[in-house]
Amino acid sequence: MFLIAGIRLPAPMLEFFQQIQTFFPNREWEPEPFLFLPLVIVGETTDPDIMENLDTGLLSIQTSTPATLVHAGLDVVQQGERIILTAKILSAVCDHLSVKIRRQAQHAGLKVKRTCHPLSVPLATISTVPPEDVHNWLRIHHSLRAPEEEVYEFTLFSSWKNRETTDMELLADYAFTSGCIAPSSLL
């Protein structure tokens, strides 16, 4: 199984990015069906001992503060043959968390593929969209910003294929703040 550590987006931020996906002008803009913030492409394993060591290592990760996710605009990146529209995210705690996750995965015996930097949420594959259309869309929508959100945990996701697969399965959540408890609903 292929493993990716990332952040599940808080509801207001997730809804904002889903709303952005409704602004795509045609089918050439292929929306990502599963929106999350990837932190580390952990790699592949089916070895139960490695998975147990990874779980133990990820449970030990702590930071002194929760992570604040700040949406810093939209961008276009290339991953292999794919050109992707992304939402850039600023978060010093998430950058630090990525390093800790990578270290724990390597310690567990995985060959870590890469740390996802700069931090960004993939929104759509736009490989077949003419560059001038992408430029015009970005110019029109450049000022859109998601609300700032705090997160208290990261998630280990799996796929049976590779990092290009959009069919992700949640394996486990890992709280990374000691003494910080996610605010409970007031309802």
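In this predicted model, the axes of helix α2 (residues 48-59) and helix α3 come within 8 Å and cross at roughly 150°. Angles over 145 degrees count as roughly antiparallel, and α2 and α3 are therefore roughly antiparallel to each other. The crossing in which α2 passes α3 is right-handed. On the α2 side, the contact is made by Ile50, Asn53, Leu54, Gly57 and Leu58; α3 brings Ile101, Gln104, Ala105 and Ala108 to it.

As a general background, nonpolar side chains tend to be buried together in soluble globular proteins.

| Residue | Residues touched |
|---|---|
| Phe154 | Gly6, Ile7, Leu39, Leu58, Ile61, Leu97, Ile101, Ala172, Asp173, Tyr174 and Phe176 |
| Leu74 | Ile20, Leu85, Thr86, Ala87, Lys88, Leu123, Trp137, Leu138 and His141 |

Leu74 is found in strand β4. Is Leu74 buried or exposed? Its relative accessibility is 13%, and buried means under 20%, so Leu74 counts as buried. Among the residues that Leu74 touches are Trp137 and His141, both of which are buried residues of helix α4. The C-alpha atoms of Leu74 and Arg139 are separated by 10.0 Å, although the two residues are 65 residues apart along the chain.

That leads us to α4 itself, which spans residues 131-141. Its buried residues are Val134, Trp137 and His141. Seen down the axis of α4, these residues fall within an arc of 65°, so they line one face of the helix. What do the buried residues of α4 pack against? Their partners are α1 (11-21), β4 (67-79) and β5 (82-90). On the other side of α4, the exposed residues are Pro131, His135, Arg139 and Ile140.

Note on methods
Residues numbered from 1 in each chain as written. Predicted model: local features only at pLDDT ≥ 70, side-chain atom pairs only at ≥ 80, totals over all residues. Heavy atoms only, no water. Contact = heavy atoms within 4.5 Å. Buried < 20%, exposed > 50% of the residue type's maximum accessible area, 1.4 Å probe, protein only. Helix = DSSP H or I, 4+ residues; strand = E, 2+ residues; numbered from the N terminus. Arc of directions from axis to C-beta. Axes fitted to C-alpha atoms, helices over the stretch in contact; angles between N-to-C directions. Parallel < 35°, antiparallel > 145°, perpendicular 65-115°, else oblique. Left-handed = near helix turned anticlockwise from the far one by under 90°. Lists of a residue's contacts leave out its neighbours within four places in sequence.
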